[in-house]
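Let's take a friendly walk through a protein model together. Have the sequence and the 3D view open as you read.

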Amino acid sequence: MKSNLSKQNAVSFVVGFLFAIGLAVSGMTQPQKVIGFLNPWDWDPSLLFVMLGAVGIHLISYPLVKRRSSPLLDTKWHIPTRKDVTARLILGSALFGIGWGLAGFCPGPALTSLASGDVRTVLFVGAMIFGMLLFRKTEPHLKLRD
Amino acid sequence: MELNSIFYSLIGGALIGVAVTLMLLFNGRVTGISGILASSLSKPSKEGLWRWLFIAGMIAGGIFMHSLRPDFFVNLSGRGLMLVAVAGLLVGYGTVMGSGCTSGHGVCGISRFSVRSAMATITFMLFGFFAVQAVRYFLGDQI
């Protein structure tokens, strides 16, 4: 399995690279397009077409790939199987949505846009990482069911 | 919206679809960027190295595209530093609490008909809409 681990690492790099190119080509590294999607009064449908392209491909590829008993470089799948809709899921998604609308960035486009060197992007990514660490610190006090 | 712009969005989206398919086919994993980033902040391990490489790939992909088309990276949102910092904090906190973002829930989850991901996606789109309207109301149209 040792060699497979390094092959998995190589695949991860390539997937990250392709994903970033996809985001930039699709327009998602321009926050005004995301904000425009969330504003029906001056609607920019870009995000809709990005989702159509991405989900359209994966809707077909997912069941085809999952016909296999295991992935090519691993012995088992690592796909989430939970089905329960929890308060934690909804509250977390609501907070994420507010931040997404405020800046027009979600995690992928923000990481990709670091290349621009724009101080707002760097600040956003720093604050996002801080927020992730902050959740871990505060989680035990929230008494949310997992 | 121009036809050209629709074409770019579809092609870029399809490329994202291909990328998440490769991750699934080879590594058997969901390409959820918030999850990958949050887990990469844990203690480094050999088994977790792929997350660092994924992030490095994203940053490298960004640099590559920026060298070809810097106009793809222009931020005309008009959002100030304070707002962006609060937004980043909420995105980081919320995506870990809600176990995912636009990629994990929106693209990967919806493609496998996950009810959890569909509910999460509806929620963050709805609250994203509220946030944009709040900015419009309090700060005016900045776009």
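## About the model

This is a predicted model, where local features need pLDDT of at least 70, side-chain atom pairs count only at pLDDT 80 or more, and totals for chains, interfaces and linings use all residues. Residues are numbered from 1 along each chain as its sequence is written, chains are lettered from A and ligands numbered from 1 in the order written, and side-chain values use heavy atoms, leaving out hydrogens and water.

## A covered helix

Start with helix α2 of chain B, residues 33-40. Helices here are DSSP runs of H or I with at least four residues, numbered from the N terminus. In α2(B), 6 of the 8 residues are buried, where buried means under 20% relative accessible area with a 1.4 Å probe, protein chains only. Those residues are Ile33(B), Ser34(B), Ile36(B), Leu37(B), Ala38(B) and Ser40(B).

## The nonpolar cores

In soluble globular proteins, nonpolar side chains tend to be buried together. A nonpolar core is a set of buried Ala, Val, Leu, Ile, Met, Phe, Trp, Tyr and Cys residues joined through side-chain atoms within 4.5 Å. The largest one here has 60 residues, and Ile33(B) and Phe54(B) are among those with the most contacts inside it. Its largest share, 7 residues, comes from helix α3 (residues 46-65) of chain A.

Phe54(B) has contacts (heavy atoms within 4.5 Å) with residues including Phe13(A), Val15(A), Ile33(B) and Ile36(B), leaving aside residues up to four places away in sequence.

## A buried serine

Is Ser9(B) buried or exposed? Ser9(B), in helix α1 (residues 3-27) of chain B, is buried, with a relative accessible area of 1%. Its side chain reaches the backbone oxygen of Ser26(A) at 3.0 Å.

## Two pockets

A pocket is an open set of points on a 1 Å grid over the protein atoms alone, where a 1.4 Å probe fits, with protein on both sides within 12 Å along at least five of seven lines; lining residues have an atom within 4 Å of a point. The largest pocket has a volume of about 720 Å³, volume being the space filled by probe spheres set on the points. It is lined by 30 residues, with Pro80(A) and Gly35(B) among those nearest its centre. The helix α2(B) gives the largest share of this lining, 6 residues.

The second largest pocket has a volume of about 300 Å³. Of its 17 lining residues, Gln30(A) and Glu2(B) are among the closest to its centre. Here α1(B) gives the most, with 4 residues.

Terms used
Buried means under 20% relative accessible area, exposed over 50%, partly exposed in between (1.4 Å probe, protein chains only). Helices (H or I, at least four residues) and strands (E, at least two) are DSSP runs, numbered from the N terminus. A polar contact is a pair of N or O atoms within 3.5 Å; within protein, one must be able to donate a hydrogen and the other to accept it, and residues adjacent in sequence count only if both atoms are side-chain atoms.
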